[in-house]
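Subject: The three-chain model, handed over

Hi,

Here is the structure I promised to send you. Please have it open while you read, as my notes follow below.

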Amino acid sequence: MKYAIEVQSLYKSFGDLQAVQGATFSVETGEVFSLLGPNGAGKSTTISILSGLLEPTQGEASIMGHSIRSEPEETKACLGVVPQDIALYPDLSARENLIFWGKMYGLRGSALKQRVDEVLEIIGLTDRQKDWINKYSGGMKRRVNIGAALLHKPAVIIMDEPTVGIDPQSRRHILDNVQSLNRQGMTVLYTTHYMEEAAELSQHIAIMDQGKIIAYGTHDDLIRLVGEQTRIDLTLNVEGGRVIDAWKRLEGVSKAVSEDGKVSVLVEDSNRVLPRLFEAANPLGVRILGVDIKEPNLEAVFMHLTGRALRD
Amino acid sequence: MRILDVTLKDLSQIFRDKRSLFFLVAMPIVFTLFMGFAYRGGGDEGETDMRIPLGWVNQDPDGIITQQLYEMLSKSDSVKLVELSPEIANQTLQDGDVAGVLLVPSGFSELALENPAQLTLTTDPASTPGQFLNQMLRTTVTKLMSSVEIGRLSAEAVGMLDDATEINTAFIAAASAWAQEDTAARVKIELAIGKKAESWYGDNPYNQASPGILVMFVIFGLTTSGQILLQERKSRTLQRMITTSMPAWQIILGHLLAMFGVVFLQEILLILFGQLALGVDYLRQLLAVLLISVGLGLWIAAMGLLIGVLAKDDSQVTLFSLLAMFFFSALGGTWFPLEAAGGAFAVVSRLMPSAWAMTGYQNILIRGLGLSSAWLPAAIILAYALGFFLLAVWRFRKSEV
Amino acid sequence: MKILDIAFKDLLRSTRNFFLIGMTLVAPLFITGLIYFAFGGLQSGNVSMTAIKVGVVNADTLTADAPLEVPIGKNIRDMFFDDSVKSWITASDYPDEASARTALESQEIGVAVIIPQAFTEKLLAGQTDTPILLLQDPTLTIAPGVVRDMVTSLLDGVAGGGIAFRVISERLQANGLTLDSASLPGLLERYSTWYAGFQRAFFYTPQNAALVLTSPVESGNSFQAMMGLVMAGQLIFFSFFTGAFSMMTFLQEDEEGTLARLFTTPTRRTLILTGKFLAVFLAVVIQGLVLLIIGHLLFGVHWGKPGSFILSLLGQAIAAVGLSVLLISLVKTSKQAGPVLGGGLTFLGMLSGLFTTNVKMPAAFNAIGNFTPQGWVLKAWKLTLSGAPLSQLLLPFLVLLAMGVVMFLIGAVLFRRRYA
């Protein structure tokens, strides 16, 4: 089967709010696919639809060939879901949690026991398996949160922003796990608003904004959208609003965005444009305190496509 | 000044929690109304017959003594006879249509003349109507059998002991004499009330219910009090406070004052409700009432402080508070009169601050006493407050915040 | 199978919930234990109530020509000092009414018996204008009642003697005989002896007394009957509480995110809901069984016929689950649930008569209990405790079944809509 997940013109509205508008993408079997976008882009809603938590207003999707509308149980049987927030029973131990979730996926008896032992090994918590979840650190809870989705060896695993709010070490551990799972043949649908994660992990990336897929392809394909454009981040002595309009009018500047006291500018040739930026700033009483020139990346792609920073 | 800052901060947090306010004020008001209604004696307004229904199963219909008994009971203004057949008597009792069943066995009148004869009263001895029936029937049966004995003695005195007619005549004469005898008139009952005001509400049924509910729900206010300190610990703001230059005793005192403030406010609201809506005359001795209420508030605040120090989470605070409420309420005499309890229980209850609070309020509301009657109860309650406070401070110092 | 997995998981979590264990088992046993402690002395029939403190002021004297040797006032006074009542009456003499009143106000005594001057003389003359004054502490009811009964009982004895004298005299006259002054005292003495023995039988050999008291309960004594009713009240109140707070796991799982996670597994929502409802049902049944057993072992409660208490317990569980499902379906968060459940259940319990089982309430109030599930559960337990046969339990059980099913269905529909 070529595609593990196929999403076709998916729509979801909540009253007047259109959370997902015509999302269409496909995830090849055995790949890591990232859904990248800022908060409120519609990533979690899309995931919820694929997980069976929400019904789409319109459109269709299938997982391993099973329609989410007409074959929900079959869909869920080959899907493992790692929710964004920890969804575990705090007053049960890690082992008890895994046993319960394994049963919910149809595992029983010695097969269940063996698989729980394996998963505990994978997530590195064999020694602490009898401790209650509410005694765990945040990183440990995240690991069990992932482990509970692996018990039934799903063909597809959906991970909804699994690294939000955790320390760098645990984050690294999770990213390594994702790659390891993928190497074992698991298809991973990964949502994130960290472009470096998407860049590191994924074979294909879909960029989502305001409910729509605005770009889709490999990392290189997406970078090519911005061409040779470079992104320059400038730190100013004042709010960027004073100078941004002037910079937008400069030749060679394709986009300019003000965010968190910095202004990010997409330019064709940083060597040529940089002096012009200084010249335009001086008469306005704006001093440039710092300059950071970055190679084209997904952040730049997003800015190019939406005119906003990925972290807006 | 910083103490008051802590206090005011706590109070503002509490008053934002509508749920707690509901429990603090609305619930006790509803309970007070309900229990006063129950204490009133259960009479419907307009209910004309307040007599207790007594099932009458007569297997000796022709017996002269039985007939006399029937007449005595029929004239009673406290029981209403309900004639029943033996087949349905038990069911009628179980259905609650009668409070008891009096069985007159076959041949009762004949037996009574010659040998001891027995009547059987079937009733729930644990219930108030059952106890009343038992007591009332004892008196009636005593008079009846006394008449029988007098009849026998009289017949013996005239030398006609074998003459049933003579015995019956003397029996009837004795029974008639009993009917005219009013022993109750020879006993006058008076309540010992300190000072009866012109409009004395001493017999207001809410006089018992209002202070009882007040004490019980004020103790339940422990939940709110205990939460204050617990929330500070959970949110780590207590730890933050300790890193400031404010001494630990000031921090504790600030919290204690907030706890006292909440409890005292609850007391004031319930007292006002009792005074204005239920006719309970708390204001007749305002100073005395305030004295006891302040003591009660401080005791609860100190206990709340202790619970806040000991409890690890919300559920523990609630559970400890509930158990304390049950314990001190029962032993304080808010559930049932302590005079009805066994000796050991009454001895233990005498030691309880809740019992002393009840005594204090009862001295004012029911016994009609003055300020001087409030000193001792208030002093004892304050001693408990101090004890719990010291315990809380000691535990606070020991615990890792 | 998954239904059982979900139910078992919820039950396991319940056993680890300190608060739930406290409210399910500790609280009802604690309350019942307190009441047992309060009234336990009554169990064996020994009266071990708080000693009644009586103060006696006796100003009664005899005139020179009085037919009695001892004033009646002295008899009344001596009655309270008699050895036979020492264990439950503490009596003290007071010189006058003022000192007795002072003792009352300071609560040294609970009742003062003031016997006026010339009481005997007035009594024998048939005058009632100098009664015995019973001054009582207005907060007491039992002690004054007991003292009043003792005094009136003694006065009844005296009155009876007077009646005996009058009737015998009348009958002698009616039969044309004269009063034999030598034999009359003997007759009166016999009457007194009879009267004393008659009264004593009530207290010391009640099974041989002229009025025998029997209880409608199947077995056990009246104290056990009372404890049964107390424990039944606790059982009912806290079982509904258990049901409601066990159902709160729904809201908690929703807030924890584990409910959504459950919905992502290949497990039908109907199964998930059913598993959770089953957990609540089992929690209520297990709680009931534990309390029944402990009630019997610790407090000596006789729960009646096995078939009857099983039916009562089942009816209770069905009603508790139904009401819980309905109540929880009406709230959105666990924070909301606290006052709704706590306040709502307490209010319903109040209306159902759980707190006033021994108080005579108005008929209209009693009728309210017919519309609440707790009211019907109370009916069922009262029947069970009184030893009623299974057939009498059928009506309450069927009503509880119907109520439980209706409430459950309404709640389940609301749940399905919320989690569709």
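Predicted model: local features only at pLDDT ≥ 70, side-chain atom pairs only at ≥ 80, totals over all residues.

Strand β4 (residues 119–123) of chain B pairs with strand β5 (residues 211–214) of chain C in the parallel sense, over four bridges. Within that pairing, B:Leu119 stands opposite C:Leu211 in β5(C). The contact between these chains involves 85 residues of chain C and 79 residues of chain B. On the chain C side, helix α6 (residues 142–174) gives the largest share, 18 residues. By residue type, the side of chain C that touches chain B splits into 54 nonpolar, 20 polar and eleven charged.

Which chains share the most contacts? Of the two pairs of chains in contact, the answer is chains B and C. Chains A and B have no contact at all, and their closest C-alpha atoms are 13 Å apart. Chain A does meet chain C: 20 residues from chain A and 16 residues from chain C take part in the contact. Helices α2 (72–77) and α3 (94–104) of chain A each supply at least two residues of the chain A side. That side of chain A comprises twelve nonpolar, three polar and five charged residues.

Next, a strand in chain C that I think you will enjoy. Is strand β1 (residues 52–58) of chain C buried or exposed? Seven of its seven residues are buried, so β1(C) is largely enclosed by the rest of the structure. Both of its faces are covered: C:Ile52, C:Val54, C:Val56 and C:Asn58 are buried on one side, and C:Lys53, C:Gly55 and C:Val57 are buried on the other. There are parallel partners to look at, too. β1(C) pairs with strand β2 (residues 89–93) of chain C over five bridges in the parallel sense, and C:Val54 has C:Ala91 as its bridge partner in β2(C). β1(C) also pairs with strand β3 (residues 111–115) of chain C, again parallel and over five bridges; here C:Val54 stands opposite C:Val111. Together with helix α3 (residues 72–81) of chain C, β1(C) and β2(C) form a right-handed β-α-β unit.

In soluble globular proteins, nonpolar side chains tend to be buried together. In this model the largest nonpolar core has 242 residues, and those with the most contacts inside it are A:Ile158, A:Val188, B:Ile219, B:Trp299, B:Ala302, B:Leu305 and C:Val321. Helix α8 (residues 222–256) of chain C contributes the largest share of this core, 19 residues. A second, separate core has 81 residues, including B:Leu137, B:Ala170, B:Trp178 and C:Ile114.

Along the principal axes, the C-alpha atoms of chain A fill a box of roughly 75 × 40 × 35 Å. Of the 312 residues in chain A, 45% are buried. Among its contacts between residues at least 6 apart in sequence, 71% join residues at least 24 apart. One open sheet of four strands in chain A runs in the order β2-β1-β4-β5, with antiparallel pairing. Its edge strands are β2 (17–28) and β5 (66–67), each of which pairs on one side only. Strand β1 (residues 3–14) of chain A pairs with β2(A) in the antiparallel sense over nine bridges, and the bridge partner of A:Lys12 in β2(A) is A:Val20.

Finally, the domains. The assignment for chain A gives domain 1 (3–223) and domain 2 (228–295), with C-alpha centres 38 Å apart. For chain B, the assignment gives domain 1 (2–40 + 205–398) and domain 2 (52–186), and the C-alpha centres of these two are separated by 52 Å.

Notes:
Residues numbered from 1 in each chain as written. Chains lettered and ligands numbered in written order. Buried ≥ 20, exposed ≤ 12 C-beta atoms within 10 Å, placed from the backbone. Pairing = 2+ DSSP bridges. Right-handed = clockwise from strand over helix to strand, strands pointing away. Contact = placed C-beta atoms within 7 Å. Nonpolar A, V, L, I, M, F, W, Y, C, P; charged D, E, K, R; others polar. Core = buried A, V, L, I, M, F, W, Y, C linked by C-beta atoms within 7 Å. Domains from an automatic or database assignment.
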